[in-house]
Structure formats: C-alpha cells, structure tokens
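Trainee: Could we go through how the chains meet in this one? I'd like to follow the strands.

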Amino acid sequence: MKERLSIAVATIALLAWTGQAGAQLTGEEQQRAVSEEGAEAIGEEFNPGELDIDEGKALFMKEGPNGKSCASCHGKNGEDLDGVAAKYPKVVDNVYPTGNTSGPDLAHKGQKQGEELNPAKAIKGEGVRTLGMQINLCRINQMDAEPYSFSQKHGTDMRYMTIFVKSLSNGQPLDIKTTGKAKEYWEKGKEIYWIKRGQLNFSCGTCHVQNAGMRIRGQILSNVRGQYNKFPTFRMKKQQTRLMHTRYRGCNRRIRAHDLPFQSAGYRQLEVYHGSLSNGLPMKVPGHSL
Amino acid sequence: MRVTNDNTGRRSFLKTLGATGAVVAAAGAGLMKPVKSLAANFQYPKKAFDAEGMDAAMQAAMGTSSATEGNVSLKAPTIAENGAVVPITASSDLDADKVAKFHIFVAKNPAPYTARFHMVGTGRPEVSTRIKMGETSNIVAVAETTDGKFYKATKEVRVTIGGCGG
Amino acid sequence: MAKTGTARIRVGSAQKGQPTQVRSLILHPMETGLRKDPKTGEKIPAHYIQKVKADFNGERVFEADWSVAISKNPYMSYYLAPQSSGTLKMTWEDNQGGTYTAEAEVKVG
C-alpha cells in the first residue's frame, strides 16, 4: 500500500513536471498546464512549419549546375537518408573540406543578423560537423553548386533543406555520439552550456535545467531535454521556422551576452553537448514553440 | 440540390440583404419557412466586423446584444503567452441540426466581432480557430439556433508579455 | 516560409454518417491594415481572408466569415459527416481578390 502510494505520488509529480496531468494539478500548476496546453494545441492540431518540409523536398529534387540533385544520390524522396540526421552533429577528421581556402572568415551580410561563417570557405582539421555543413559539402563537392547561407535571414533554402532532411528521421531516436573523438568537443560544449555570462549572469543551465518549468515573466522555461530533437522549430511569435543557432544567438542576446556567428565553433560544440541531452528522444522536426 | 448529410435537417436560407437580424426575427415569428440548404454564400458582414464595442458588435452581428448563458462551451487557454495566436474551440451540446451558426467576439479588441461560422451541414456543432487578442479580455462564443435563439459562453483569456523567448 | 495561399486540409478517418474532424491551414499574412512598416512608417495595407467555403462533392457543408482578428497563417477546424466517399474542396477568398483552394479525398470506411 505504501509502495503504491509513493509510486502514485511520484507519477503525479512526474506528470506535473511534464505538464500533462492537467486534471490532477491545482492553482498555479494548473495555470501552467493550461497555457502549455494552448501551445500543445497549436502544435498538434496543425504546425505551419510542416509546410517547410514540402519546400525542402522541392529543393532536394532540384538539379544543380552539373545536372545532379540531392535525390540523384540519396533516393527519389530521400529514403536513403532515413535515420541519418539523428546522428548529427558529428565529430569528423576534416570538418568542412569545401576545396576553397580563400575568402573572408565571416561573411558579414549586414549587422548582427547576418553574421555567419563563410559557407564557401573550408575549415580544416578535426572538429564538429553540423548537418548544415554536410548539406553544403554535398552541394559544393557533388553538385558543383553554390553553398547555402547558414544564417536565419539569408539562408531560407538551407533552413528548408535542413527541415526536410531532419524530417526524414522523424520518430527515430536522437543519437549524437559523445564518446571517442567526440568526448573532447562534448566537454567543450558542456563548459559553454554551464558557464555564466552576460549582464544577467546566466548560463543556459540556469534557466533550462535549474529553473525549467518555472515562469520567466509570462513564459514557461522549457526543459533542456526535448529541445534539440525538435529543431528547427516553428516559432508562433515569428510565424516562421527557426534554426538552432538562431535560438542560441537569441538566448545569448536576451541575457545580454555576446552572441556568436552562425556555425561558429562554439555553437557547434554546444550542439554536441546540448543535443546529446536529448539523446534517445524521438526526432520531431519541425517542432513548435511560442 | 440534394443535401448529402441527412443530419442537417432544415436551414433558414438567409437572403443576401444583410438584414440578418430582421430575417432571424421573421423566422422566429414563423413568417419564414425554413428550406433545405442550397449553395449558401452568406453575405460577408462587413459592418458588423467594423463595429466598435461589444454591444454594438453583437447588435450588428446578431440583431441583439443578449444571449442565454449555457449550452455552449468555449475552450481557450487561461493564459496566452502570445496574443497573436490564441487557439479557441467553440462547441454546443444542442443537436447538430439546431445550431445554425457560431459567432465569436473578443470584448476588448477594437472591433470585437471576430468570426462567424455557418454550420451548414457539418454534423457536429464544433469549430476551432486561432485568433488575435490585443490584451487580456473576455472571449464570447455565441451559438445561433435555426429558430433564432442565442446561447453563449464566456471565458477570460489573460494575455501576458513575453518572457525570455523574446 | 512557403508562399501565401499554400493551403492544406487534413480529414480524420470517416465512417458513414459519423462526424469526422477536418483541419485546415492556409499561409496568409492576415494583415489588419493597422500595422506600420517599421522601415517606412507607412501603414501596411489590409490583406486578409474574408470568406472560407467548404464543399463536399460539390455541396456546401461549411462556410466562415473572418475579420482581421483571425491569426496569421489561419488554422480552422470543423466537422464533416459524409454519407459517402468524395472530395472536400475548400476555397479561401481575401480582400484583395486572392482566391486559394485546396482539396482532400475523403474515404468513407
């Protein structure tokens, strides 16, 4: 009897923590559950971000200058890529071999919004390769095509393509490698995650681990586990899908810390750690958020 | 035109004169015999959508600003973190063939009348959409029946300012 | 995002005469006409869907009138109680003369 009671209490506590047991909560907790319910209703009923999957699919089939399209190698509808996106980002020996070593380090397309690593310029040596980088490598090396921009503002095609390729792994568990070569980068990412910074002196963990489920003004802080597997996500406020690095940059700005460029080494390492905290959860791209 | 759905029963066919209130009143007085629905095309209620203030909006939309509480459910989040996209669901426990329309109002919006749904032949009086709210306000869902009666449900939705999501 | 007017309809599994849920989404700015362009300071002209029609096998089953207060990229769901299999066609008409359509096949099990 005592055992059953404690299991019941633990279950309710767990459900309360995940905001699902609306009926069993009271007062403040109920309010939290209800507003999350509202967001869930939006996401489950019909996520407008899903239309980006179709956009990405069209790009996938579009031929490059040498007559090849992504579909030429990876299957008419991308079938061969099932499960592939679930393993990104990965640590490789040669991060970004584009065959092009000249050009500016950062492509400044104007103010903070467009700051990104030059998508044409190679990054040599061991490091973290993201899915976006892999997409560009295929474009440059296999299709003789121009690389896509990595930024939120200018990289619409990259965003559509990323969403499409990731959606091919929907339902599969996220499986980012953190051992062997990857361990060192995971540790670096962990440091970035937990170091306090900015005028508000917060770390990522301050909000998304230590205060997950609590309110910050009107919004509820999401738990770190369950974040990465749904990016790129559809943001209701922006009525647009948003990249992971867009969010990293946004979070940093909100706590009044410096943000890094899209695809910077720091964010790539952060992806290894941050992403791995959602390992095992099914991919669900695009997700939805307020 | 044959109606495929046997559940719709009879429908008042609103002539496109914009005199919604008069027509409904006439139907209520038994002057207009309900006919089977044809291709509908109800006239867009522009004036009603422009009306300011709850009473004026309801008058323009329904011909009256009073409705009986009950028989209607309105589902909406208690707290909306994003006033631009507030999901709502209006439903009624009345028979499907008795519910002609749903009217949605957001009391504190500059023009409260938000939407009108014609349940021509749907089989279940329930409709959902997402609306814009300028500030914390009551949302009122009104079900209009085929015999000209109005039933309502009200829910306050609190619109908060953003947090760290930006 | 994809362009204005892209629309999708999803219909739940249908049994003869039983109501099944229809979910629709259309990409549209739903501009109220009150917003100012942050760069120019000019009012952005109103551009919003006013009328939505749903026809099943050519007959009207549902119709909606929308004001500017319906959210951007409007979502709407309603029910359909089909007596037979067929095609559900939805039409959205906006205040600038735009007309958009989408269809879904409904199979009655």
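Mentor: Start here: β6(B) runs antiparallel to β4 (residues 59-66) of chain C, and 4 bridges join the two. Strands are DSSP E runs of at least two residues, numbered from the N terminus, and two strands pair if DSSP finds at least two bridges between them. This is a predicted model, where local features need pLDDT of at least 70, side-chain atom pairs count only at pLDDT 80 or more, and totals for chains, interfaces and linings use all residues. Residues are numbered from 1 along each chain as its sequence is written, with chains lettered from A and ligands numbered from 1 in the order in which they are written.

Trainee: Which residue in β4(C) is the bridge partner of Arg116(B)?

Mentor: Stay with the antiparallel pair β6(B) and β4(C). Arg116(B) has its bridge partner in β4(C), and that is Asp65(C).

Trainee: What are the edge strands of the open sheet?

Mentor: The sheet has 6 strands, antiparallel, in the order β2(B)-β4(B)-β7(B)-β5(C)-β2(C)-β1(C). An edge strand here pairs on one side only, which leaves β2 (72-75) of chain B and β1 of chain C.
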